[in-house]
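Please read the numbered points with the model open beside them.

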Amino acid sequence: MKNFTSVYDIDNLQEIIAKALKIKKNPLENPTKGKGKTIGLVFLNSSLRTRLSSQIAAQNLGLNVLVLNAAQEAWNLEFADGTIMNGDTVEHIKDAIEVLNQYCDIIAVRCFAGMKNKEDDVNESILSQFLKHAKVPVVSLESATRHPLQSLADCITITENWKEDRKPKVVLTWAPHIKPIAQAVGNSFTEWIQQMDVDFVITNPEGYDLDKNFTKATPVIHNQDEALKDADFVYVKNWSSFDDYAKVLEVEDNWMLTNEKLELTNQAKVMHCLPVRRNLELSDEVMDGENSVIYQQAKNRIFSAQAVFSEILDELNKN
């Protein structure tokens, strides 16, 4: 594993899920694997679970951890090539990355979608700079279009909670929000779950379809009640419009998940990546109910990160 930015950077999804579950049983089994190596965690955006889970995972492997809250603590960064830097930007991103190359054996970066320019976001204008200029492995801690460590944790959580001898039905359902939210989690979960042996459908209002480059042949149903029928897992997440980019379109129906809607399912386990706006995206009764595996998902963020870091260290230690 050279870099980790999507499901396509791993050789075998089931193997890395199994590795993460093995790590979960004994997180300190390999406490010196990262000895003498440094991981730089670079945050251009806010974080709670990603920051803490990545730190714990790295420390469990004996890595030295550097955390840079770049948006608050670093110089204002310039991302455009050929710019005359006579404004408020002080350091070019390629210079910052070259310095990180000197300090770190692994660079992990969190860089949200700007939600202003569709082309920039689709083309990963920030993550692509790290991939271009980094001389060490790069891990995505969420980018403009994907959140791979979250998606791996989601797959781990589904695997833990499914013991029946049949394919589970998994539903990704849109939820309301007060502001434009990027498609990264929805895109990424879709991309990963398509690699699992499940029956998968997406449900969202008209006008909120995700990028077809991610959904591909996955059924998209605009009637939430129809989609929820007989579901075994329901993943709740908001995203703004992709076609009418970054817009919050008016929706008449109530798309918040409630216990009444859960009655349509097969006692489905409820998932959400957090943070969640309670009683807007997800009702208290569901969030705090016995069907929720949301905090289990959050804990599994440690083991998804640790499995990925461990894979990268295996490669580094070969050299």
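1. A cut-off comes first: a residue is called buried when its relative accessible area is under 20%, exposed when that value is over 50%, and partly exposed in between. By that rule Asp 232, with a relative accessible area of 4%, is buried. The model is a predicted one, and the points below should be read with that in mind.

2. Overall make-up. The protein has 13 helices and 11 strands. Its radius of gyration is 20 Å, close to the 20 Å that the globule rule gives for 319 residues, so the protein is as compact as a globular protein of that length. The C-alpha trace spans about 55 × 50 × 35 Å along its principal axes. Of the 319 residues, 55% are buried.

3. The salt bridge of Asp 232. The side chain of Asp 232 meets that of Arg 166 in a salt bridge, at 3.0 Å from N to O. Are the two partners buried or exposed? Arg 166 counts as partly exposed because its relative accessibility is 38%, whereas Asp 232 is buried at 4%.

4. Other salt bridges. The whole structure holds 15 salt bridges. One of them joins the side chains of Asp 81 and Lys 94, at 3.9 Å from N to O. This pair, too, links distant parts of the chain: Asp 81 sits in the loop between S3 and strand S4 (91-92), and Lys 94 belongs to helix H4 (residues 93-103), 13 residues apart. Asp 81 is partly exposed at 48% relative accessibility, and Lys 94 is partly exposed at 36%.

5. Asp 284 and Arg 278 form a salt bridge through their side chains, at 2.9 Å from N to O. Asp 284 has a relative accessible area of 31%, so this residue counts as partly exposed. Arg 278 is partly exposed as well, with 35%. Elsewhere, Lys 19, Lys 33, Glu 311 and Asp 314 are linked in a network of salt bridges.

6. Surface patches. Which residues form the negative surface patch? They are Asp 225, Glu 250, Glu 252, Asp 253, Glu 260, Glu 263 and Glu 285. Among them, Glu 252 lies in the loop between strand S10 (233-237) and helix H11 (259-262). Glu 252 is exposed, because its relative accessible area is 77%. There is also a nonpolar patch on the surface, formed by Leu 48, Leu 52 and Ile 56, which together have about 260 Å² of accessible area. Leu 48 is in the loop between strand S1 (38-43) and helix H2 (49-60).

7. Positive phi values. Met 115 is not a glycine, yet its phi is positive, at about 60°. Met 115 is placed in the loop between strand S5 (106-110) and helix H5 (118-122). Its relative accessibility is 18%, so Met 115 counts as buried. Lys 216 likewise has a positive phi, near 50°, in a residue other than glycine. Lys 216 is found in the loop between helix H9 (212-215) and strand S9 (220-221). With a relative accessible area of 52%, Lys 216 is exposed.

8. A cis peptide bond. Where the chain passes from Leu 274 to Pro 275, the peptide bond is cis, with omega about 0°. Pro 275 lies in the loop between strand S11 (269-271) and helix H12 (284-287).

9. A contact across the sequence. How many residues separate Asn 76 and Glu 91 in sequence? They are 15 residues apart in sequence, while their C-alpha atoms are 6.3 Å apart in space. Asn 76 is in the loop between helix H3 (70-73) and strand S3 (77-78). Asn 76 is partly exposed, with 42% relative accessibility.

How values were computed
Residues numbered from 1 in each chain as written. Predicted model: local features only at pLDDT ≥ 70, side-chain atom pairs only at ≥ 80, totals over all residues. Heavy atoms only, no water. Patch = residues over 30% accessible without salt bridge, like charges linked within 9 Å, V, L, I, M, F, W, Y side chains within 5 Å. Areas by Shrake-Rupley, 256 points an atom, 1.4 Å probe, with all protein chains shown as cover. Salt bridge = Lys/Arg side-chain N within 4 Å of Asp/Glu carboxyl O. Lys, Arg positive; Asp, Glu negative; His and termini not counted. Charge placed at Lys NZ, Arg CZ, Asp CG, Glu CD. Helix = DSSP H or I, 4+ residues; strand = E, 2+ residues; numbered from the N terminus. Buried < 20%, exposed > 50% of the residue type's maximum accessible area, 1.4 Å probe, protein only. Rg over C-alpha atoms; globule rule 2.2 N^0.38 Å.
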